[in-house]
Amino acid sequence: MAALDFMVSIASNTFIPTYDGNLAKVVEGHRRYLGFRKSILLDRRKLVQLLDLHQNGTLSWNEFEAAVRQAHEKRMGQPTRRRVVPDKPKEEDYFYAKPQECLCEETSCDDLLGPRNSNKLL
């Protein structure tokens with residue numbers, strides 16, 4: 001079943017992991033390798049807050065939809081450069097668990113990353 005989940009997740013237009021386990025990490029990494037196919041990384045805490053507001057009638061469906069889109073606008077699995085902290089390697093982003101940098105074979109990393117994802121050291 002896991003192999004079938006993997007194959008479907010790799011081939012899908014959009015991937016939304018519900019659990020941040022090993023399969024999700026492998027799928028996200030493979031989708032990044034294939035050219036950063038859309039993978040929406042849920043902000044679960046924000047989503048639960050919005051669902052509560054919608055269910056108790058505070059938010060209409062249209063307001064709920066707009067809020068969910070806005071909350072996940074920057075969580076679409078876009079390529080970013082790893083955060084590197086000189087002399088503190090344990091505080092930098094861990095490459096092997098979730099590679100976020102460009103690993104693509106066919107595209108230029110600078111084209112994917114764009115100017116907003118500079119290679120600045122924090």
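**Why the terms fit: a dialogue on a predicted chain**

Tutor: Glu73 is located in the loop between α4 and α5 (109-113). The model is predicted, so local features need pLDDT of at least 70 and side-chain atom pairs count only at pLDDT 80 or more, while totals for chains, interfaces and linings use all residues. Residues are numbered from 1 along each chain as its sequence is written, and side-chain values use heavy atoms, leaving out hydrogens and water.

Student: Why is Glu73 called exposed?

Tutor: Exposed means over 50% relative accessible area, buried means under 20%, and partly exposed lies in between (1.4 Å probe, protein chains only). Glu73 has a relative accessibility of 52%, and therefore counts as exposed. The C-alpha atom of Glu73 is separated by 10.0 Å from that of Leu41, 32 residues apart along the chain.

Student: What makes Leu47 partly exposed?

Tutor: The relative accessibility of Leu47 is 21%, so Leu47 counts as partly exposed. Leu47 is found in helix α3.

Student: Which residues does Leu47 contact, apart from its neighbours within four places in sequence?

Tutor: Leu47 is in contact with Leu42, Val68 and His72, where contact means heavy atoms within 4.5 Å. Leu47 and Ala71 are 24 residues apart in sequence, and their C-alpha atoms are 8.2 Å apart in space.

Student: How do you know that the span of helix α3 agrees with expectation?

Tutor: The expected span is 1.5 Å times one less than the number of residues. Helix α3 (residues 44-55) has 12 residues and should span 16 Å; its end C-alpha atoms are 16 Å apart, so the two agree. Gly57, with a positive phi near 90°, follows α3.

Student: How many helices and strands does the chain have?

Tutor: The chain has five helices and zero strands. Helices (H or I, at least four residues) and strands (E, at least two) are DSSP runs, numbered from the N terminus.

Student: What makes the nonpolar surface patch?

Tutor: Met1, Leu4 and Val8 make the patch, about 360 Å². Patches are made of residues with over 30% relative accessible area and no salt bridge; nonpolar side chains (Val, Leu, Ile, Met, Phe, Trp, Tyr) are joined within 5 Å, and like charges within 9 Å. Val8, in helix α1 (residues 2-11), has a relative accessible area of 52% and is therefore exposed.

Student: Where does UniProt place the EF-hand domain?

Tutor: An unreviewed UniProt entry places the feature "domain: EF-hand" at residues 39-74. UniProt positions are given in the numbering used here, feature names are shortened, and annotations may be inferred rather than shown by experiment. In the model, this span is 64% helix and 0% strand, with its end C-alpha atoms 11 Å apart.

Conventions. Areas by Shrake-Rupley, 256 points an atom, 1.4 Å probe, with all protein chains shown as cover. Salt bridge = Lys/Arg side-chain N within 4 Å of Asp/Glu carboxyl O.
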